[in-house]
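This report goes through a few local features of one protein model. Please keep the sequence and the structure in view while reading.

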Amino acid sequence: MKANETKLLNFLQSSKQYVIPIYQRTYSWLESECDQLWQDILRAGRNEQQFVHFVGSVVHIEQDESTATLQAPKLVIDGQQRLTTVSLLLAALAETVGDNEPVEGFSAKKIRNRYLTDPDEAGDKRYKLILTQTDRTSLCAIIDHAPRPHDYSVRVDSNFGFFKSKLSGLSGDLGDVCRGLTKLMIVDVALTRGQDNPQLVFESLNSTGRELSQADLIRNYVLMSLEHDLQTRLYEQYWRPMEVEFGQDGYRDHFDNFMRHYLTVRTGEVPRIDQVYVAFKNYAAAKQELGVEGLMAEILSYSRYFIRYVLAKEPDPQLAAAFRDLRDLRMGVEYPLMLELYVDYEEGRLTKVDFITVVRLVESYIFRRSVCEIPTNSLNKTFATFLRDVDKERYLPSVQFKFLSLPSYRRFPTSEEFERQLQVRDMYGFRNRAYWLRRLENFGRKERVSVDEYTVEHIMPQNEDLRSEWREMLGEDWQRIHSSYLHTLGNLTLTGYNSEYSDRPFLEKRDMPGGFAQSPLKVNEGLGQLDCWNEEQIVARAKRLAAHATEIWSYPELDPVAQSELQAPRQTESTEFSITSYPQLQSSTVRTLFNSLRTEILSLDEAVTEVFRQEYIAYKAESNFVDIEPQANRLKLYLNIPFHELNDPRGIAKDVSGVGTVGNGDVAVFLESPSDIHYVLGLVRQALDRQLGGEEVR
């Protein structure tokens with residue numbers, strides 16, 4: 001490895017050509033980053049005391065075939081964003097200066113021939129910087145003054161326009177820009193093929209994950225070490241189709257999350273979003289039998305399922321309708337499950353009818369839980385492993401049985417619970433009120449109504465200072481009624497006349513042109529026949545709509561015979577031991593400490609249960625998250641969480657992975673004083689949250 005400081009313009013001029021390898025990410029700088037570089041260049045150009053401005057490093061691989069007389073292209077593995085941005089600025093500057101030369105060396109001809117092209121070459125060899133795919137054709141078109149290509153790079157085109165606008169705003173005074181460009185300094189890091197490891201250097205440069213996305217790191221990891229022809233073929237056959245199908249914005253916004261959900265399906269573990277690259281390397285190492293091509297083919301297949309669901313590109317209209325309704329809940333926790341379901345559908349294990357039925361059950365499950373205000377922190381784990389013990393020979397009934405068997409904190413709310421909560425909770429403030437109103441309106445319709453054309457209407461107005469007609473209609477207790485029912489299901493509807501309705505009395509809203517009596521919407525059925533709107537009518541309408549909602553967001557239906565066949569033998573916990581089984585707890589000090597901690601742990605979540613074992617007391621939700629071993633003068637806790645994931649500012653926890661222990665878990669913590677209970681409880685909570693899936697998948 002050789003590293004030298006050099007002027008950026010000298011760097012561009014010194015080599016025949018710099019090539020961005022196909023495995024590198026596309027150009028991605030935003031206008032804000034271009035503006036920062038622009039300001040830095042102007043500032044350096046105007047400051048006579050500032051001789052250089054450092055803009056980072058550029059790492060490239062020296063090709064073995066380069067000789068004194070033949071200079072091969074250099075592959076840039078880090079720094080392409082800066083090189084591309086400066087090239088766009090130089091291209092914009094060349095167009096702006098024309099035949100003028102505001103500073104020596106900065107005429108249009110000199111800029112193009114020194115920094116953008118090599119006049120002695122033709123074809124692709126003529127360009128100083130060769131980008132990847134659509135970026136390449138877009139930059140070349142800009143340099144050649146050619147029309148914008150059909151499949152153009154949005155970022156390249158946009159940032160070139162940004163610099164053109166900035167230069168135009170200087171009214172011909174371009175000297176500061178030219179001088180600033182001459183002061184740009186980089187560290188030129190040259191690697192030698194066969195001696196330096198480009199992947200290790202690349203990872204080191206991007207170890208914080210800030211410059212490159214997790215997906216970019218993965219792509220480079222898969223392709224960088226391959227021989228050039230194989231690298232090109234695999235990129236063109238597998239990776240490039242994903243970039244095209246996602247689209248430029250979709251690839252930027254969703255590809256990291258796709259890789260996360262793909263790994264969740266394949267491993268059963270939900271990686272942190274900033275640890276997707278590490279998780280992928282571990283997965284690739286465990287799946288070496290797939291080979292690089294097999295792995296890329298698998299990723300491509302899963303990406304297409306992800307695109308169809310998440311980016312709304314499903315071609316089948318029935319599947320697309322079901323996908324849209326589930327997607328509109330905007331939860332994201334279901335993504336891994338949807339990927340696995342789609343795989344089974346494509347491979348013939350799941351029929352289309354059953355696929356749609358399962359999607360509708362997932363939608364009902366999520367929506368019912370939201371309405372019933374059941375915490376969602378377990379849903380990512382629920383869906384990550386949902387199909388693990390589903391009998392795919394009896395797919396639909398097994399899924400239905402799985403939903404019916406979920407424990408209390410993961411339960412599928414019954415129709416009675418759902419119907420009751422739907423009538424009383426604030427549905428106006430519900431995070432997806434357009435979703436549930438659209439589903440209420442369109443259920444059973446062949447011609448769907450676009451809710452976007454309507455606004456939410458409070459039949460009884462929101463204004464706390466109600467008009468006298470409203471007070472009279474609601475009765476003496478109007479304030480309580482207004483406060484209790486304003487934002488509830490019974491008082492909410494849709495209208496295209498919200499501004500016209502305003503705070504008008506009910507009868508005017510009913511009879512005016514476009515009023516309730518003339519409304520074509522199903523959610524307004526019956527309002528045109530009412531003579532008043534009061535507590536009784538609000539409650540009656542809420543009850544009717546809630547009953548209808550149980551048909552839309554249905555409960556799993558499984559006949560008793562199928563349920564009996566799918567029922568696993570009940571696992572019973574041993575009752576052989578009790579709190580009296582531990583002589584250490586006979587000490588009043590240790591017993592008091594245990595009782596205090598025990599109370600706090602059992603209060604963490606309704607899912608927590610306590611089981612007495614021979615040598616410890618286990619606390620579990622799905623499985624043990626903490627085991628307590630009573631000792632003579634203290635309690636020893638075993639936390640079921642990887643040591644490196646535990647946030648322990650005091651450093652009291654110990655890594656006991658690989659060590660024989662009484663309890664379950666890789667982390668041991670001692671509790672000796674009541675004053676430390678709340679701190680230790682915070683460590684215990686982390687183990688519980690990890691088991692319940694405290695971070696929602698997005």
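## Serine 14

A residue is called buried under 20% relative accessible area, exposed over 50%, and partly exposed in between, using a 1.4 Å probe and protein chains only. Serine 14 has a relative accessible area of 47%, so serine 14 is partly exposed. The model is predicted: local features need pLDDT of at least 70, side-chain atom pairs count only at pLDDT 80 or more, and totals for chains, interfaces and linings use all residues. Residues are numbered from 1 along each chain as its sequence is written, and side-chain values use heavy atoms, leaving out hydrogens and water.

Serine 14 belongs to helix H1, residues 8–14. Helices (H or I, at least four residues) and strands (E, at least two) are DSSP runs, numbered from the N terminus. A polar atom of the serine 14 side chain lies 3.0 Å from the backbone oxygen of phenylalanine 11. Between serine 14 and aspartate 99 there are 85 residues in sequence and 24 Å in space, C-alpha to C-alpha.

## Helices H13 and H14

Helix H13 (residues 291–310) and helix H14 (residues 317–327) have axes that come within 9 Å and cross at roughly 75°. Axes are lines fitted to C-alpha atoms, for helices over the stretch in contact, and angles run from 0 to 180 degrees between N-to-C directions. Angles under 35 degrees count as roughly parallel, over 145 as roughly antiparallel, 65 to 115 as roughly perpendicular and the rest as oblique. H13 is therefore roughly perpendicular to H14.

Contact means heavy atoms within 4.5 Å. On the H13 side, Arg308, Tyr309 and Val310 meet Phe323, Leu326 and Arg327 of H14.

## Glutamate 340

Glutamate 340 is part of helix H15, residues 335–346. Apart from neighbours within four places in sequence, glutamate 340 is in contact with Val265, Leu387 and Lys392.

With lysine 392, the side chain of glutamate 340 makes a polar contact, side chain to side chain, at 3.3 Å. A polar contact is a pair of N or O atoms within 3.5 Å; within protein, one must be able to donate a hydrogen and the other to accept it, and residues adjacent in sequence count only if both atoms are side-chain atoms.

## The open sheet

Six strands form an open sheet in the order S9-S10-S11-S12-S14-S13, with antiparallel pairing. Two strands pair if DSSP finds at least two bridges between them. Strands S9 (609–612) and S13 (654–655) are the edge strands, and each pairs on one side only.
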